[in-house]
Amino acid sequence: MDTYDALRDFLVSRRARLRPQDVGLPDHGVRRVRGLRREEVATLAAVSVEHYIRLERGQASRVSDAVLDAVAEALRLSPGERRYLRSLARPGTGSGRQGSRGVRPSVQHIIDSMAGTPAYLVGRGGAIRAWNHLASVVFADFDSIPAAQRTVGRLVFLDARARWLYVDWEAKAREAVSYLRTETGKRPRDPELMREIDELADRSEDFRRLWSEQHVLETMHSTVVLRCHPPHRRLEFSWEGLQLTSDPDEIVLVYTTTPGSPSAAALLEMSMTSNRR
């Protein structure tokens with residue numbers, strides 16, 4: 001990924017969503033561009049127009065952290081967007097995925113011990129690296145999916161079952177894209193991740209549409225509703241992302257149901273049925 005282009009596109013999209021009246025500025029006449037002008041962002045950030053233009057052209061190495069913070073404030077960036085801006089402006093080396101290094105047995109044991117709830121470990125770039133039995137029952141037969149294809153992005157956009165599984169597939173797809181964009185900000189030179197982004201953009205119109213919206217990941221907890229068999233039943237989950245290992249890029253997603261709810265009963269039935277097979 002060209003971090004210059006990514007930084008420019010992100011800043012342009014963020015100022016395009018703001019109107020002068022949103023930030024207390026007068027609106028003078030017809031505008032040739034949507035949203036705020038560069039000069040207006042510079043005024044709000046109390047920096048020179050040259051400084052802001054330099055940043056929007058991707059020349060972030062010549063811009064101080066103080067200017068980055070001021071621009072983030074001027075553009076009303078959320079916490080997730082601020083982290084993404086900083087990662088684009090100060091890109092890391094972009095190491096690849098964990099490769100052949102396996103998941104520690106103790107980590108797999110902890111995930112397996114969550115027997116009553118689906119749980120799986122996501123590594124760099126959205127690679128699904130470990131899971132428990134119930135996650136395979138609810139989401140997909142992960143064992144049967146080649147490791148190279150077993151990623152969040154490919155499963156959401158290229159696996160037809162995902163559109164049936166997620167009641168609000170659009171929300172899940174936007175969440176997946178936000179996660180992948182955040183990952184590209186952390187590792188803009190990760191060749192495997194870039195190949196996946198290119199593949200998804202080539203094969204999925206929905207991915208291209210959502211990618212262009214420049215959403216970034218804001219939270220590691222939410223809710224999701226899944227379809228299950230029989231088809232008229234649904235599973236309503238709350239999920240949390242837990243930091244289980246010392247690797248900051250590995251997150252365990254744990255899905256829980258409300259005790260005593262129809263979802264909890266359906267999940268228990270699915271678990272018992274699968275164990276009898």
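Student: Let's begin with the overall picture. How many helices and strands are there in the protein?

Tutor: The model is predicted, and the protein has 13 helices and 5 strands. Along the principal axes, its C-alpha atoms fill a box of roughly 70 × 40 × 35 Å. Of the 277 residues, 49% are buried; buried here means under 20% relative accessible area.

Student: How do I read the length of a helix? What should helix H10 span at 1.5 Å a residue?

Tutor: The expected span comes from 1.5 Å times one less than the number of residues. Helix H10 covers residues 169-186, and its 18 residues should span 26 Å. The end C-alpha atoms of H10 are 26 Å apart, so the two values agree.

Student: And is H10 largely enclosed or open? How many of its 18 residues are buried?

Tutor: In H10, 13 of the 18 residues are buried, so the rest of the structure largely encloses this helix.

Student: Now helix H13, please. Which of its residues are buried?

Tutor: First its length: H13 runs over residues 262-275, 14 residues in total, and reaches 20 Å from its first C-alpha to its last, close to the 20 Å expected. Its buried residues are Ser263, Ala264, Ala266, Leu267, Met270, Ser271 and Ser274. Looking down the axis of H13, you find these buried residues within an arc of 165 degrees, so they line one face of the helix. Pro262 and Leu268, on the other side of H13, are exposed.

Student: What joins strand S4 to S5?

Tutor: Strand S4, residues 233-242, is joined to S5 by 5 bridges, and these two strands also run antiparallel. Here tryptophan 239 faces tyrosine 255 in S5. S5 itself is mostly covered, with 5 of its 6 residues buried.

Student: How do I read a pocket? Which residues are closest to the centre of the largest pocket?

Tutor: A pocket is an open space, whereas a probe in a cavity cannot get out. The largest pocket holds about 480 Å³ of space. It is lined by 24 residues, and those closest to its centre are Tyr179, Lys186, Leu217, Met220 and Ile251. By class, the lining has 12 nonpolar, 5 polar and 7 charged residues.

Student: Which element gives the most to that lining?

Tutor: H10 does, with 7 residues in the lining of the largest pocket. The elements that each supply at least two residues are helix H5 (79-89), strand S1 (119-122), H10 and strand S5 (251-256).

Student: And the enclosed spaces? How many cavities of 30 Å³ or more are counted?

Tutor: The count comes to 1 cavity of 30 Å³ or more. The largest cavity has a volume of about 190 Å³. Its lining has 14 residues, with Phe139, Phe142, Leu155, Val156 and Tyr166 nearest its centre. Helix H8 (152-157) and helix H9 (161-165) are the elements that give two or more residues to this lining.

Key
Residues numbered from 1 in each chain as written. Predicted model: local features only at pLDDT ≥ 70, side-chain atom pairs only at ≥ 80, totals over all residues. Heavy atoms only, no water. 1 Å grid on protein atoms, 1.4 Å probe; cavity = no way out; pocket = protein on both sides within 12 Å on 5 of 7 lines; lining within 4 Å. Points joined across faces, edges and corners; volume = space filled by probe spheres on them. Helix = DSSP H or I, 4+ residues; strand = E, 2+ residues; numbered from the N terminus. Buried < 20%, exposed > 50% of the residue type's maximum accessible area, 1.4 Å probe, protein only. Nonpolar A, V, L, I, M, F, W, Y, C, P; charged D, E, K, R; others polar. Pairing = 2+ DSSP bridges. Arc of directions from axis to C-beta.
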